[in-house]
Amino acid sequence: SNRWFTQNLLYSGQLEGTHYHEKSKLKFKWNGGYSDVNRKIPNMRRVVYHKQALQESDTTSDYFAVVQNNGTIPTAAGNMFWADTKEKIYSARYELSMPLDFKNIKNEFKIGGMQQFRDRDFSARSLGFSRYRKTSSPSAPFNSSLLLLPEEEIFAEENLGLREDGTGGFKLDEATKVSDSYRAASVMHAGFAMVDSRIFEKLRVVGGARLESYNQRFYYTESGSNIDRAIDTTVVDLLPSVNLIYSLTDKTNLRASYYRTVSRPEFRELAPFAFYNFIQDNILSGNTRLQRALIDNMDLRYEYYPGAGQVISVSGFYKKFDNPIELVMRTGTSGAAELFYTNVPSAENYGAELEYRFKLSSAFKADSSLFLDNTTLFTNLALIKSQVNVGELKGVLNRPLQGQSSFIINAGAQFIHPDKNWSTSISYN
């Protein structure tokens, strides 16, 4: 059993503005934000009982509490855990856009940037009960019958230390490790430039690039050696994108796009701090050597617009991952599975997507009513095939990307009353 309470105190605020100069047709947009996160886990308590039969056919033996002779492990009874996370995020975004027509080609040009400053302080503490015994004269052996007491009685005050009957009870051990606390910060500077151009009457090109400089600092104490460690890395990425839209007819488009994105490890994924998840019965640790993943995305889409607010589209997509982050299981010594984050060399995702959104009245052209005219059906279905390159691991076959579903479906119906201020919907995903 586990008493697990988590308290999250969250604040997020933004201030934004838009300024337009009529004569030059310049538009300037800006946004400033601040977020504060305070997450606490106060005195999470865990009790573990096992039932050990003397023989395979024995069904009458009692449950006993799992308490170590010395020290404590996450899967033992009588563990207590505290954690405190404090994080602040400051951000600023700004963007300048202007028309930039050239002969008969209409263009909109945008430049902008952003800064984000993030700071986190994390600390945790663990305590746990173990068996008390006294070997000096007079000796006090541990009273094993205490292990049969129910959880509301087992760690009562009279069962701690040297008991009145001369036997040993339980003692409280500090189980906090030096790696259970860390400080982390990151600073991101980004700038972008893009252009939205209608080269021909039927061809529209939206393209640009984003340059990101990401500095990450991580401070922790290495378990075992008690040496203070620091990670201070800066990675600069150029992230291009291009989107081509060709109008086949007034109601149909053909789209092709390419863009590069980046997925960076979170502070928790870097932290060597080990946390026992009672629900999943595993220990999760971070990895200070994680690298960010680069993702190249490509897709081709055909779109048909039968009417206002309606669309039918079919698309194919491909994604190439370099250094994707996954969870790996390793052999543990604590009795629970031990998981940690790591990079795998590469992975690929590809598949097809079907989407439609249409009004019921379109299917019943001979009939029309308030209900049919204002009820919309919608569905999105994606079929995904993924494959991971496991590198030089021998005996390991290619497998899907961890956590990647082979299909995703969203469907539903929505009715919006045209005259009254209400709507209703039903959805499935």
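Student: In which strand is Ser 35 found?

Tutor: Good place to begin! This is a predicted model, and in it Ser 35 is found in strand β3, which covers residues 26–46.

Student: Which residues does Ser 35 touch, not counting residues up to four places away in sequence?

Tutor: Setting those neighbours aside shows what folding brings together. For Ser 35, the list is Tyr 11, Ser 12, Glu 87, Lys 88 and Ile 89. With one of them there is also a link between side chains: a polar contact of 3.4 Å joins Ser 35 and Ser 12.

Student: Now let me try Asn 253. Is Asn 253 buried or exposed?

Tutor: Here you compare the relative accessibility with a cut-off. A residue counts as buried under 20%. Asn 253 has 13% relative accessibility, so it is buried. You can find Asn 253 in strand β12, residues 252–263.

Student: What is Asn 253 in contact with, leaving aside its neighbours within four places in sequence?

Tutor: There are two stretches to look for in the list. One holds Ile 245, Tyr 246 and Ser 247, and the other holds Arg 301, Tyr 302, Glu 303 and Tyr 305.

Student: Which residues form the nonpolar patch on the surface?

Tutor: The members are Tyr 246, Leu 248, Leu 254, Leu 300, Tyr 302, Tyr 304, Ile 312, Val 314 and Leu 354. Together they have about 750 Å² of accessible area.

Student: Which strands each supply at least two residues of the patch?

Tutor: Those are β15 (293–304) and β16 (311–322). The largest share, three residues, comes from β15. Leu 300 is found in that strand.

Student: Why does Leu 300 count as partly exposed?

Tutor: Partly exposed lies between the buried limit of 20% and the exposed limit of 50%. Leu 300 has 48% relative accessibility, so it falls in that class.

Student: And where is Ser 223 found?

Tutor: Ser 223 sits in the loop between β10 (203–221) and β11 (228–247). With 44% relative accessibility, Ser 223 also counts as partly exposed. Beyond its neighbours within four places in sequence, Ser 223 is in contact with Lys 177, Val 178 and Ser 179.

Student: How many Å apart in space are Ser 223 and Ala 363?

Tutor: From C-alpha to C-alpha, they are 67 Å apart, with a separation of 140 residues in sequence.

How values were computed: Residues numbered from 1 in each chain as written. Predicted model: local features only at pLDDT ≥ 70, side-chain atom pairs only at ≥ 80, totals over all residues. Heavy atoms only, no water. Patch = residues over 30% accessible without salt bridge, like charges linked within 9 Å, V, L, I, M, F, W, Y side chains within 5 Å. Areas by Shrake-Rupley, 256 points an atom, 1.4 Å probe, with all protein chains shown as cover. Salt bridge = Lys/Arg side-chain N within 4 Å of Asp/Glu carboxyl O. Helix = DSSP H or I, 4+ residues; strand = E, 2+ residues; numbered from the N terminus. Buried < 20%, exposed > 50% of the residue type's maximum accessible area, 1.4 Å probe, protein only. Contact = heavy atoms within 4.5 Å. Polar contact = N/O pair within 3.5 Å; in protein donor to acceptor, adjacent residues only side chain to side chain.
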